[in-house]
Amino acid sequence: MTTATHRSAEQIGRTPTGPRPLPDLGVTREVPLPDVTDTTLSTGLRVLVARRASVPMVELRLRVPFADPDPGHGHPAIAELLSETLLTGTATRDRVAVDDDLAAVGAELGASVDPERLLVHGSGLADGLPVVLDVLADLLTGATHPDHEVARERERLVERIAVARAQPRTIAREALQRVRFGDHPITAEMPTAEAVTAVTAAQVRATHAASLVPRGSTLTLVGDVDPAAATAAVERALGSWTSERTALELAAPPYPTAGDLVLVHRPGSVQSQLRLSGPAVPREDPAYAALQLANLVFGGYFSSRWMENIREDKGYTYGAHSGAEFIPGGAVLGVDTDVASDVTAAALLETRYELGRLSAVPPTAAEIDAARSYAVGSLLISLDNQGGLASTIAGLAAVGLDLDWLRAHPARLHAVTPDEVAEAALRFFAPSGFSGVVVGDADVIGRGVRALGGIA
């Protein structure tokens with residue numbers, strides 16, 4: 001009879017001579033990226049199709065540039081209501097019929113909007129693509145934005161805005177955007193409740209007709225489809241979606257400049273939001289791969305220096321993150337964390353310390369190798385499903401890149417040298433290069449953070 005025994009994880013991980021050695025990382029598995037057919041229809045709509053037959057589904061992303069043509073006249077509020085009511089009915093389908101027709105082929109569609117673009121996104125069974133495209137065409141050419149639906153969504157949107165604007169993250173985001181970009185339209189990520197209340201259904205319908213146009217827009221399909229057949233199906237279904245206008249791209253905002261952090265008073269807050277920002281470079285820049293690795297070492301993943309300092313060592317926060325945010329014409333670097341009011345000054349001090357340390361004490365070869373493995377591995381994981389691949393193709397296409405850039409990126413990461421990472425650290429992470437905001441109860445945190453200097 002054998003007696004069962006239990007060994008702890010520590011016992012399993014050790015031998016009489018010491019800890020068991022960890023095996024070396026294996027060779028990074030490559031995810032084969034499909035070819036993408038790229039066709040521009042006579043209507044001006046660009047159609048990108050990739051076959052990824054892992055499951056019998058198809059992912060859809062329609063990106064329409066949707067910049068404000070006349071800032072100051074309510075476009076953000078109108079655009080929000082347009083996206084909210086786009087699927088609420090057409091001349092031939094009411095809201096229920098739209099949902100029923102999509103559900104019959106295992107599909108769903110949704111819409112969202114921001115200062116740059118309106119996005120229609122969804123998925124469905126690959127065999128049901130003709131139905132999905134037919135519904136999409138009906139929405140694009142015949143959405144009626146009924147008065148009662150606009151009124152209902154207007155009330156809901158006003159309520160959501162009131163809730164969102166009471167949240168510290170929203171307050172911090174809006175304050176940061178103003179510091180970064182001033183009054184540029186890119187800052188209009190959420191309309192005011194007053195602007196939404198003033199929107200009429202007629203304005204929504206007029207904006208749909210004027211701005212939701214195919215020329216300059218891109219439709220991406222990824223799934224278990226034949227690219228040639230899918231492109232032909234798009235041409236048949238969306239051929240009636242026409243306009244002489246071209247979708248309006250958002251103009252590039254000014255790059256943020258270095259300066260003092262702005263202290264934003266939020267009375268009664270028990271937490272503070274630290275939001276720092278500086279210039280970065282877009283994906284196509286030769287320095288991007290080195291910046292990506294330097295960022296990971298600083299705060300881009302859980303094993304980063306900053307996370308180790310203010311979470312693991314000092315317990316100031318549950319999470320801290322840094323990363324590039326892509327904007328028209330470039331990119332900006334963001335450094336974000338939330339901390340308790342009583343450790344705000346200490347967390348800001350440690351954040352500046354880690355920024356300075358990255359510049360003065362460059363990442364080691366071991367830190368770079370770990371960051372590189374994470375960067376390549378997470379990239380491949382993100383592309384291992386139809387939805388991730390569709391979003392990536394659509395996102396790259398919006399900035400003039402394609403899957404060839406993506407195929408070459410792991411090699412670019414592997415080619416980065418420690419000297420190049422050190423140069424990126426000095427160029428992008430020097431504390432003197434940042435601006436930003438600190439949101440919290442100024443009566444509680446003001447004296448401490450001002451004592452550190454660099455607070456407006």
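Tutor: Welcome! The model is predicted, with local features needing pLDDT of at least 70, side-chain atom pairs counting only at pLDDT 80 or more, and totals for chains, interfaces and linings using all residues. Residues are numbered from 1 along each chain as its sequence is written, and side-chain values use heavy atoms, with hydrogens and water left out.

Student: Why is Phe-429 called buried?

Tutor: Buried means under 20% relative accessible area, exposed over 50%, and partly exposed in between (1.4 Å probe, protein chains only). Phe-429 has a relative accessible area of 0%, so Phe-429 is buried.

Student: What makes a set of residues a nonpolar core?

Tutor: A nonpolar core is a set of buried Ala, Val, Leu, Ile, Met, Phe, Trp, Tyr and Cys residues joined through side-chain atoms within 4.5 Å. The largest one has 62 residues, and Leu-293, Leu-406 and Phe-429 have the most contacts inside it. Helix α10 (residues 288-300) gives the largest share of this core, 9 residues.

Student: How do you know that this core lies between domain 1 and domain 2?

Tutor: Domain 1 (36-239) and domain 2 (261-452) both give residues to this core, so the core lies between them. The domain bounds come from an automatic or database domain assignment. A second, separate core of 52 residues includes Phe-66, Leu-81, Val-120 and Ala-230.

Student: What makes β10 and β13 a pair?

Tutor: Two strands pair if DSSP finds at least two bridges between them. Strand β10 (residues 271-279) and strand β13 (residues 435-440) have 5 bridges, in the antiparallel sense. Leu-276 stands opposite Gly-436 in β13.

Student: Why are β9 and β11 called edge strands?

Tutor: The open sheet has 5 strands in the order β9-β13-β10-β12-β11, with mixed pairing. Strands β9 (261-265) and β11 (320-327) each pair on one side only, and they are the edge strands.

Student: How does helix α12 run relative to β10?

Tutor: Axes are lines fitted to C-alpha atoms, for helices over the stretch in contact, and angles run from 0 to 180 degrees between N-to-C directions. Helix α12 (residues 344-360) lies across β9, β10, β12 and β13, at about 25 degrees to β10.

Technical notes: Helix = DSSP H or I, 4+ residues; strand = E, 2+ residues; numbered from the N terminus. Contact = heavy atoms within 4.5 Å.
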